[in-house]
Amino acid sequence: MKRLDKLLSDAGVAGRRELKQLIRQGRVQVDGRTVTVPEEKFDEKTAVVTVDGGTISTVGTYYYMMDKPAGVVTATEDRTEPTVLDLLPAAVRRQGVFPVGRLDKDTTGLLLLTNDGDFAHQVISPKSCIEKCYVAKVDGIPDDGDVQAFREGIELKDGTVCLPAVLEIDGTDTCRVIVREGKYHQVKRMLASRGKTVMTLRRVSVGGLLLDENLSPGCIRPLSQEERQLTLVKMPL
């Protein structure tokens, strides 16, 4: 049995002081009942806990979204560069979470973190056909020829074959790219193959899950059960 504020703190919802206020405001329900006493105890293995209507995992598997900033590498450790794990609160690091897939050092946006290996594999496996959407600013103006090339699939100079993808253009130097695989520097290399050097790149969605634009760069928040399900939505290109 755990105090409700400790249970939510261990789940990485927020700090203990913030959680006490959140509970007292009536924003937390346990097994369908609103609980306003932070000290009330529950069995974390059986309790169904929701915060602002979103279900929170309390049984040892954890799921977060981060708005990854530029300048940090997507890795669990690095000898020379700061990593995304260095941005996490100590309590979350102790949960053993790791990044799902990889964003380049200078790429920003939606990054998932979890300690659930099966979930991570489903998200990153090309066989899952889960789309990842990026907004890119490039040197040049993408055109209809680029759109067609992406639609057909692109073979890179080194022989790497990229599956058909979606390129959405609007006549400016900004475009949206939707891919269903995660080859090394894929979006940048696909655009570069068409003579469009990427200046900035930001991931805005994975599957049906959109980046929470209220997150500050480098910050995280837990995913609700509904959001985890959205992440795994397979959307045909």
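**Reading the chain step by step**

Student: In which sense do strand 13 and strand 14 pair?

Tutor: Keep in mind that this is a predicted model. Strand 13 covers residues 166–169 and strand 14 covers residues 174–179. Four bridges join the two strands, and their sense is antiparallel.

Student: Which residue in the turn of that hairpin has a positive phi?

Tutor: Let's start in the strands, where V166 stands opposite I178 of strand 14. Strand 13 and strand 14 form a hairpin, with four residues between them. In the turn, the residue with a positive phi, about 85°, is G171.

Student: Now helix 2, please. Which of its residues are buried?

Tutor: Helix 2 runs over residues 16–24. On its other side, R17, Q21 and R24 are exposed. The buried ones are L19, L22 and I23.

Student: Which residue just after helix 2 takes a positive phi?

Tutor: Step just past the end of helix 2 and look at the backbone. The phi there is about 80°, and the residue is G26.

Student: Is T231 buried or exposed?

Tutor: T231 is found in helix 7, residues 225–231. Leaving aside neighbours within four places in sequence, T231 is in contact with several residues, including L112, F119, I130 and L223. Buried means under 20% relative accessible area. The relative accessibility of T231 is 0%, so T231 counts as buried.

Student: Which residue has its backbone oxygen 2.9 Å from a polar atom of the T231 side chain?

Tutor: Start from the side chain of T231 and find its polar atom. At 2.9 Å from that atom lies a backbone oxygen, and it belongs to E227.

Student: How much space lies in the second largest pocket?

Tutor: The lining of this pocket has 23 residues, and R102, Y134, G182, K183 and R203 lie nearest its centre. Helix 4, strand 10, helix 6 and strand 15 each give two or more residues to the lining. The space in the pocket is about 400 Å³.

Student: Last one: what share of the residues in the protein chain count as buried?

Tutor: The protein chain has seven helices and 17 strands. Of its 237 residues, the share that count as buried is 47%.

Terms used:
Residues numbered from 1 in each chain as written. Predicted model: local features only at pLDDT ≥ 70, side-chain atom pairs only at ≥ 80, totals over all residues. Heavy atoms only, no water. Pairing = 2+ DSSP bridges. Buried < 20%, exposed > 50% of the residue type's maximum accessible area, 1.4 Å probe, protein only. Polar contact = N/O pair within 3.5 Å; in protein donor to acceptor, adjacent residues only side chain to side chain. Contact = heavy atoms within 4.5 Å. 1 Å grid on protein atoms, 1.4 Å probe; cavity = no way out; pocket = protein on both sides within 12 Å on 5 of 7 lines; lining within 4 Å. Points joined across faces, edges and corners; volume = space filled by probe spheres on them.
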